[in-house]
Amino acid sequence: MTQTQNGAAFDAISVHNFSEKILEQVIHFHVMKLSGGFFLWVGSSPVLSNLAVSMSSRFDSMPLSTLVIGDPSNTAPNSLAQRLAKKTKKQVFVSYSLPMTDSNLSLLVEDRIKKELELHPEHF
């Protein structure tokens, strides 16, 4: 939805939530569509333990990415943000608040995000 404020057009923030049971664990996804990008939170409990941001650069084919808050040894939010920025060509903020105990879980979570992106591109 586009709105105007003081004569300037801007996109309103929209929110989209979905959940999925993956490997016997309920995973929640929260997407906030922003002007020119989106924020994605993934987790099983309401915790914001990290935040990464990624965006495309005209100087490199791989999007730039950095961890804003969180443990730098946890590369999951950075990696996911970078892959989503490359796929969507948008600025992406990612908080990935799941334990890094099972690499299969990470792959299945990312597959679920990609499926949602294909089914509902208007939310990203």
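**Terms and their cut-offs**

Author: Setting aside neighbours within four places in sequence, Val31 is in contact with Ser14, Val15, His16, Asn17, Phe18, Phe38, Phe39, Leu40, His123 and Phe124. Contact means heavy atoms within 4.5 Å. The model is predicted, so local features need pLDDT of at least 70 and side-chain atom pairs count only at pLDDT 80 or more, while totals for chains, interfaces and linings use all residues. Residues are numbered from 1 along each chain as its sequence is written, and side-chain values use heavy atoms, with hydrogens and water left out.

Reader: Where is Val31, and why is Val31 called buried?

Author: Val31 is in strand β4. Strands (E, at least two residues) and helices (H or I, at least four) are DSSP runs, numbered from the N terminus. Buried means under 20% relative accessible area, exposed means over 50%, and partly exposed is in between (1.4 Å probe, protein chains only). Val31 has 0% relative accessibility, and therefore counts as buried. Val31 and His16 are 15 residues apart in sequence, with their C-alpha atoms 5.1 Å apart in space.

Reader: What makes Phe18 and Phe29 a stacked pair?

Author: A search of the whole structure finds 2 aromatic pairs. Phe18 and Phe29 form a pair with 4.5 Å from centre to centre and 5 degrees between the planes. Rings of Phe, Tyr and Trp (its six-membered ring) pair if their centres lie within 6.5 Å; planes under 30 degrees apart count as stacked, over 60 as edge-to-face and the rest as tilted. The distance of 4.5 Å therefore makes Phe18 and Phe29 a pair, and the angle of 5 degrees makes the pair stacked. Phe18 is in strand β3 (residues 14-22) and Phe29 in strand β4 (residues 25-34), 11 residues apart.

Reader: Are Phe18 and Phe29 buried or exposed?

Author: Phe18 has a relative accessible area of 9%, so Phe18 is buried. Phe29 has 1%, so Phe29 is buried as well.

Reader: Why is the pair of Phe38 and Phe124 called edge-to-face?

Author: The centres of Phe38 and Phe124 are 5.2 Å apart and the planes are at 90 degrees. Phe38 lies in strand β5 (residues 37-43) and Phe124 in the segment after α2 (103-119), so the pair ties together parts that are 86 residues apart in sequence. Both Phe38 and Phe124 are buried.

Reader: How do you know that Phe39 is buried?

Author: Phe39 is found in strand β5. The relative accessible area of Phe39 is 15%, which is under 20%, so Phe39 is buried. Phe39 is in contact with residues including His30, Met32, Leu48 and Phe93, leaving aside neighbours within four places in sequence.

Reader: How do you know that Arg112 and Glu20 make a polar contact?

Author: A polar contact is a pair of N or O atoms within 3.5 Å; within protein, one must be able to donate a hydrogen and the other to accept it, and residues adjacent in sequence count only if both atoms are side-chain atoms. The side chains of Arg112 and Glu20 make such a contact at 2.8 Å. Arg112 is in helix α2. With a relative accessible area of 11%, Arg112 is buried.

Reader: Why are α1 and α2 called roughly parallel?

Author: The axes of α1 and α2 come within 12 Å and cross at roughly 25 degrees. That angle makes α1 roughly parallel to α2. Angles under 35 degrees count as roughly parallel, over 145 as roughly antiparallel, 65 to 115 as roughly perpendicular and the rest as oblique. Axes are lines fitted to C-alpha atoms, for helices over the stretch in contact, and angles run from 0 to 180 degrees between N-to-C directions. The contact is made by Leu80, Arg83, Leu84, Lys87 and Thr88 of α1 and Glu110, Ile113, Lys114 and Leu117 of α2.

Reader: What makes Glu24 and Lys89 exposed?

Author: Glu24 is found in the loop between β3 and β4. Glu24 has 70% relative accessibility, which is over 50%, so Glu24 counts as exposed. Lys89 lies in the loop between α1 and β8 (91-97). Lys89 has a relative accessible area of 64%, so Lys89 is exposed too.
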